[in-house]
Amino acid sequence: MQPLKYRLANASDVESLVALINQAYRTNTGLSWTSEQEIVAGDRINHQQLLESLNQQNFSLFVAEMIEDLEPALVACIGLTFQQNAVEIGTFCVHSQWQNQGIGKQVLAYAEQQAFSICPTLISYEMYVLDARTELIEYYERCGYSKTAYVESYPLDANVGQPLIDLQLQHMSKSVS
């Protein structure tokens with residue numbers, strides 16, 4: 001596998017990132033195994049939501065690119081939202097044509113490392129996963145995360161898609177070692 005080049009996302013990336021995130025979350029093509037197409041309808045994110053996130057002081061969005069034919073190809077992104085001594089990992093996706101090749105694990109490890117370098121007093125990594133996505137929960141468990149007792153309602157008012165089935169957000173956590 002070719003090495004990935006990481007950088008912080010900026011406003012000029014918004015169009016490409018919105019396309020990447022919606023493609024990864026809402027279509028089931030190529031090597032995709034993380035699609036929510038069967039359980040959530042509608043876009044995962046829009047331009048305004050992404051711009052608002054990028055403008056938050058406690059949020060960093062990293063992009064991962066692969067250099068192909070001298071042009072960088074956007075293959076993944078991952079967001080870090082800092083809250084005291086914890087960081088919530090979200091906006092995490094890998095383009096469907098690049099899934100099942102270890103890129104997600106690389107990107108997650110990079111994000112955890114960056115989070116700790118940004119906040120050396122970090123105690124835990126946190127995330128929320130749709131409870132119906134058992135294969136994704138199992139993946140994160142293999143990456144060292146554990147389900148907690150905390151479950152949240154699906155955020156219907158957040159404009160991140162309409163559930164097609166009954167969904168909740170499962171909280172997962174991993175201690176910083």
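Colleague: How many salt bridges does the count come to?

Modeller: This is a predicted model, and the count rests on a distance rule, in which a side-chain nitrogen of Lys or Arg must lie within 4 Å of a carboxyl oxygen of Asp or Glu. By this rule the count comes to 7 salt bridges.

Colleague: Which residue forms a salt bridge with Lys5, and where in the chain does the partner lie?

Modeller: The closest N and O atoms of the pair are 3.8 Å apart, which falls within the limit of 4 Å. Lys5 belongs to strand S1 and its partner to strand S3, residues 59-68, so that the pair links distant parts of the chain, 60 residues apart. The partner of Lys5 is Glu65, in strand S3.

Colleague: Is Glu65 buried or exposed?

Modeller: A residue counts as buried when its relative accessible area is under 20%. Lys5, with 41%, is partly exposed, whereas Glu65 has a relative accessible area of 7%. Because 7% is under that cut-off, Glu65 is buried.

Colleague: Which strands stand at the edges of the open sheet?

Modeller: The open sheet has 7 strands with mixed pairing, in the order S1-S3-S4-S5-S6-S9-S7. A strand at an edge has a single partner strand, so one side of it is left without a neighbour in the sheet. The twist from one strand to the next averages 30°. The edge strands are S1, residues 5-8, and S7, residues 146-153.

Colleague: How many bridges join S4 to S5, and which residue in the turn of their hairpin has a positive phi?

Modeller: Strands S4 and S5 run antiparallel, and they form a hairpin with 2 residues between them. The pairing can be followed through individual residues, including Gln83, whose bridge partner in S5 is Ala86, and Ala76, whose bridge partner in S5 is Val94. The number of bridges joining S4 to S5 is 7, and the residue in the turn, with a positive phi of about 55°, is Gln84.

Colleague: In which sense, parallel or antiparallel, does S5 run with S6?

Modeller: S5 and S6 are joined by 3 bridges, and Glu88 stands opposite Glu126 in S6. S6 also pairs with S9, over 7 bridges in the antiparallel sense, where Glu126 stands opposite Ser173. The sense in which S5 and S6 run is parallel.

Colleague: How many residues of strand S9 are buried?

Modeller: Strand S9, residues 168-175, pairs with S6 and also with S7, the latter in the antiparallel sense over 5 bridges, with Glu152 opposite Leu169. S9 is described as mostly covered, and S5 is likewise mostly covered, with 7 of its 9 residues buried. For S9, the number of buried residues is 6 of 8.

Colleague: Which element supplies the largest share of the lining of the largest pocket?

Modeller: The largest pocket has a volume of about 1,200 Å³ and is lined by 43 residues, with Tyr25, Arg44, Gly90, Thr91 and Phe92 nearest its centre. By class, this lining has 22 nonpolar, 13 polar and 8 charged residues. Several elements each supply at least two lining residues, among them helix H1 (14-26), helix H3 (103-118) and strand S6 (124-130). The largest share, 7 residues, comes from S5.

Key
Residues numbered from 1 in each chain as written. Predicted model: local features only at pLDDT ≥ 70, side-chain atom pairs only at ≥ 80, totals over all residues. Heavy atoms only, no water. 1 Å grid on protein atoms, 1.4 Å probe; cavity = no way out; pocket = protein on both sides within 12 Å on 5 of 7 lines; lining within 4 Å. Points joined across faces, edges and corners; volume = space filled by probe spheres on them. Helix = DSSP H or I, 4+ residues; strand = E, 2+ residues; numbered from the N terminus. Nonpolar A, V, L, I, M, F, W, Y, C, P; charged D, E, K, R; others polar. Pairing = 2+ DSSP bridges. Axes fitted to C-alpha atoms, helices over the stretch in contact; angles between N-to-C directions. Buried < 20%, exposed > 50% of the residue type's maximum accessible area, 1.4 Å probe, protein only.
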